[in-house]
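User: Hello! I am new to this structure and would like to know how its features get their labels. Could you walk me through it?
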Amino acid sequence: PVVHIRWYVDKNLIKLWKNLTNLLEKMNSEGLIINYKKDLNWQPKTTLAFNDSSYNKLSEILEITRNIEFNDPMEIKSFSLYEYTKNGGEKNIKNFL
C-alpha cells in the first residue's frame, strides 16, 4: 500500500507548480532530462509510505499520522530533482536552494 497526504491547492502552490514546470521544460530542452511532459492532471501530495510498508503495517502507519496537524503553512527552502529506475534506484540530478 501507498500512503499519501494531499495538499490544499492554493495560488502559491499553483505558482510553484508553474515555475517547476517551466524549469523542467527548460531542462528538457537543454538535454539535462529527457522525455519530460507537462502533467495537466497534477495532484500535489506527499508520499509517506511506499515500498517500505505492508498491509499488516498499514493500520500502524495510519495511527501514527492521525494526530499530526497537517493544516499549518509550509515553507519550502529547497528541493531536489531525482531520476528513478527499478534497477538503478534513485539518482540525484540537481538540487535547488
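Analyst: Gladly! A polar contact is a pair of N or O atoms within 3.5 Å; within protein, one must be able to donate a hydrogen and the other to accept it, and residues adjacent in sequence count only if both atoms are side-chain atoms. Residues are numbered from 1 along each chain as its sequence is written, and side-chain values use heavy atoms, with hydrogens and water left out.

User: What makes the link between the side chains of tyrosine 82 and asparagine 92 a polar contact?

Analyst: The two side chains are 3.4 Å apart, and the limit is 3.5 Å, so the pair qualifies as a polar contact.

User: Which residues is tyrosine 82 in contact with, leaving aside neighbours within four places in sequence?

Analyst: Glu90, Lys91, Asn92 and Ile93; contact means heavy atoms within 4.5 Å.

User: Why is tyrosine 82 called partly exposed?

Analyst: Its relative accessibility is 45%. Buried means under 20% relative accessible area and exposed over 50%, with partly exposed in between (1.4 Å probe, protein chains only), so tyrosine 82 counts as partly exposed.

User: How do you know that the chain is predicted with enough confidence for local features?

Analyst: The mean pLDDT of the chain is 83, and 100% of its residues reach 70 or more. Local features need at least 70.

Key
Predicted model: local features only at pLDDT ≥ 70, side-chain atom pairs only at ≥ 80, totals over all residues. pLDDT = per-residue confidence, 0-100.
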